[in-house]
Amino acid sequence: MNTRDLVLIALFAAIVVVLGLIPPITLGFIPVPITAQSMGVMLAGCIIGARRAALSFLLFVLLVAIGLPILSGGRGGLAIFAGPSGGFILGWAVAAYVTGLIAERAIRPGVSEGRQLIGFFLASVVGGILVLYAIGVPWLSFVTGTPLIAAAGGSLAFIPGDLVKAAIATLAARAVYAGYPLLPARA
């Protein structure tokens with residue numbers, strides 16, 4: 001790992017902190033808020049690749065664990081991980097890694113812009129939504145005592161917003177890739 005990798009890891013951890021400044025939206029029927037920070041998973045994976053994105057989120061989760069109030073709504077500390085959204089927060093590193101892995105495989109020099117957009121969008125949906133939900137929903141079910149099917153059904157309300165986040169991450173990743181391709185320069 002070189003200095004550039006360390007800077008990118010820290011930069012994307014900082015971007016997720018900034019995304020946390022956007023106030024969370026709480027739905028009454030599920031205890032997990034809608035936050036912009038989950039879009040950071042998609043952005044990091046698509047822009048800086050699997051390894052650096054995962055390390056960026058491990059750094060972020062470490063900062064949360066030591067008590068920094070950097071989660072949306074000014075939350076932080078170990079108690080967060082025992083709550084309903086703990087599985088989603090812990091799953092961010094895995095989801096960022098998978099998003100980055102798919103993006104690295106799908107986006108190659110010489111691939112058309114349309115295929116790049118499709119690749120970034122699929123990476124964002126599979127890694128940033130499907131993988132994240134596969135980790136977060138069972139945790140939510142366990143912590144709240146809600147049946148898994150009910151927790152999964154309640155989480156469906158987040159899908160439209162997550163698809164919008166995936167579209168935004170796709171456009172941002174494509175713009176960065178066009179101007180300054182970080183993705184091929186893997187750590």
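Reader: How far apart are the end C-alpha atoms of residues 78-103, and how much of that stretch is helix or strand?

Author: This is a predicted model, in which local features need pLDDT of at least 70, side-chain atom pairs count only at pLDDT 80 or more, and totals for chains, interfaces and linings use all residues. Residues are numbered from 1 along each chain as its sequence is written, and side-chain values use heavy atoms, with hydrogens and water left out. Helices (H or I, at least four residues) and strands (E, at least two) are DSSP runs, numbered from the N terminus. Residues 78-103 are 69% helix and 0% strand, and their end C-alpha atoms are 32 Å apart.

Reader: Which record places a feature at those positions?

Author: UniProt positions are given in the numbering used here, feature names are shortened, and annotations may be inferred rather than shown by experiment. An unreviewed UniProt entry places "transmembrane region" at residues 6-32, 53-72, 78-103 and 115-133. Residues 53-72 are 65% helix and 0% strand, with end C-alpha atoms 19 Å apart.

Reader: How many helices and strands does the protein chain have?

Author: The protein chain has seven helices and zero strands, giving the pattern α-α-α-α-α-α-α along the sequence. The radius of gyration is taken over C-alpha atoms, and the globule rule is 2.2 Å times the number of residues to the power 0.38. For the protein chain the radius of gyration is 16 Å, close to the 16 Å that the rule gives for 187 residues, so the chain is as compact as a globular protein of that length. Along its principal axes, the C-alpha trace spans about 50 × 30 × 25 Å.

Reader: What share of the residues is buried, and what share of the contacts joins residues 24 or more positions apart?

Author: Buried means under 20% relative accessible area, exposed over 50%, and partly exposed in between (1.4 Å probe, protein chains only). Of the 187 residues of the protein chain, 47% count as buried. Contact means heavy atoms within 4.5 Å. Among contacts with a separation of 6 or more, 74% come from residues 24 or more positions apart.

Reader: Where is P24 found, and which residues does P24 touch?

Author: P24 is in the loop between helix 1 (3-19) and helix 2 (37-48). Its relative accessible area of 30% makes P24 partly exposed. Not counting residues up to four places away in sequence, P24 touches P33, I34, T35, S72 and G73. P24 and F88 are 64 residues apart in sequence, and their C-alpha atoms are 15 Å apart in space.

Reader: Is R174 buried or exposed?

Author: R174 is buried, with a relative accessible area of 16%. R174 lies in helix 7 (residues 159-179). Leaving aside neighbours within four places in sequence, R174 is in contact with E113, Q116, L117 and F120.

Reader: Where do R108 and R51 lie?

Author: R108 lies in the loop between helix 4 (86-106) and helix 5 (113-144), and at 36% relative accessibility R108 counts as partly exposed. R51 is found in helix 3 (residues 50-65) and is partly exposed, with a relative accessible area of 40%. R51 and V98 are 47 residues apart in sequence and 9.3 Å apart in space, C-alpha to C-alpha.
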